[in-house]
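Work through the exercises below with the sequence and the model in view, and try each task before reading its solution.

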Amino acid sequence: MDLSHKVIVIMGASSGIGAATARRLAKDNAKLFLAARRLERLDSIKAEFPSVAIETFKADVTDFEQVKAVIDAAQKAYGRVDVLYNNAGIMPTAPLVEGRRDEWQNMLQINIMGVLNGIAAVLPAMAKRQSGHIITTDSVAGHVVGPDSAVYSGTKYAVRAIMDGLRQEQAENSIKTTIISPGSTGTELFNSINDADQKQFAEDFFKNINGLQPDQVASAVEYAIGTADNMSVSEVIVRPTRQS
Ligand code: NDP
């Protein structure tokens with residue numbers, strides 16, 4: 001796909017789905033602004049594509065100023081952001097009875113406020129220009145609650161609600177919105193689980209259902225970005241075939 005005309009910001013591009021998407025879009029020759037906390041990971045992706053315009057940023061999505069600095073850099077370089085992909089997330093699942101309030105706080109801050117910070121940083125300029133596309137990684141867990149993942153699911157339900165509200169508010173400004181809802185995917189996300197039983201459960205579940213590879217999810221993001229201006233892919237659910 002030729003995406004050389006697209007200026008694309010990815011928050012959470014250092015591993016897993018975000019890194020796979022960055023690589024796929026780099027092959028499409030998009031102009032990329034990649035952000036995450038692990039800058040060295042972003043720089044190694046950039047090094048794989050010496051002929052592609054890629055800038056990397058150390059940014060924490062919970063800090064609005066750091067998110068805005070990435071958006072501002074893209075605006076300064078090209079006068080616009082065509083696509084913001086809010087992908088950063090963590091999943092420290094555990095039974096509620098364990099009362100892991102710090103983990104709940106982190107999930108709320110990263111999974112929900114991180115997305116809102118991205119929207120706040122990019123939307124005013126997109127609305128003014130009446131053009132742009134905001135994509136957010138949600139989850140099958142944003143559709144179905146399972147035991148021991150109540151808070152994670154709660155953050156993903158919230159994000160789906162926020163994105164659908166955004167869609168309705170900004171339709172008249174021709175802003176596209178896309179919710180990407182993957183099922184179990186082989187990434188570093190399971191490392192964010194501190195409860196040993198939960199971590200084992202997630203790894204076994206992934207193996208038993210022959211889970212997705214990150215690039216398979218990235219292909220859905222690429223599809224949504226590549227559609228015509230008058231066609232908005234509101235949501236894509238990509239499950240492993242064996243995930244019920
Ligand atoms: P990874 O752990 O591989 O990737 C998570 C990404 O989020 C990394 O780039 C990480 O970068 C970034 N991130 C986390 N916290 C922050 C932060 N505070 N500031 C900036 N970036 C941050 O997992 P996945 O690729 O699986 O996760 C991507 C998204 O996909 C998440 O939203 C997740 O909830 C969702 N998802 C994943 C599924 C799966 O089974 N893997 C299924 C459904 C949804 P860094 O640590 O360098 O900051």
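Helices (H or I, at least four residues) and strands (E, at least two) are taken as DSSP runs and numbered from the N terminus. The model is a predicted one, in which local features need pLDDT of at least 70 and side-chain atom pairs count only at pLDDT 80 or more, while totals for chains, interfaces and linings use all residues. Residues are numbered from 1 along each chain as its sequence is written.

**Exercise 1. Describe the overall build of the chain.**

Step 1: Counting the elements gives seven helices and seven strands, and from the N terminus on they run β-α-β-α-β-α-β-α-β-α-β-α-α-β.

Step 2: The radius of gyration (taken over C-alpha atoms) is compared with the globule rule, 2.2 Å times the number of residues to the power 0.38. The chain has a radius of gyration of 17 Å, close to the 18 Å that the rule gives for 244 residues, so it is as compact as a globular protein of that length.

Step 3: Two residues are in contact if their C-beta atoms, placed from the backbone, lie within 7 Å. Among the contacts in the chain with a separation of 6 or more, 70% are accounted for by residues 24 or more positions apart.

**Exercise 2. Locate the largest nonpolar core and follow one of its members.**

Step 1: A nonpolar core is a set of buried Ala, Val, Leu, Ile, Met, Phe, Trp, Tyr and Cys residues joined through C-beta atoms within 7 Å. The largest one holds 65 residues, of which Val9, Ile10, Leu32, Leu34 and Ala35 touch the most other members. Its largest share, eight residues, comes from helix H4, residues 101-129.

Step 2: Not counting residues up to four places away in sequence, Leu34 touches Ile10, Ala13, Ala22, Leu42, Ile45, Ile54 and Thr56.

**Exercise 3. Find residues other than glycine with a positive phi, and state their surroundings.**

Step 1: Most residues other than glycine have a negative phi. Asp148, with phi near 70 degrees, has a positive value, and Asp148 is found in the loop between strand S5 (132-137) and helix H5 (150-170). Asp148 is partly exposed, with 19 other C-beta atoms within 10 Å.

Step 2: Ser174 also has a positive phi, near 60 degrees, and lies in the loop between H5 and strand S6 (175-182). Ser174 counts as partly exposed because it has 16 C-beta neighbours inside 10 Å.

Terms used: Buried ≥ 20, exposed ≤ 12 C-beta atoms within 10 Å, placed from the backbone.
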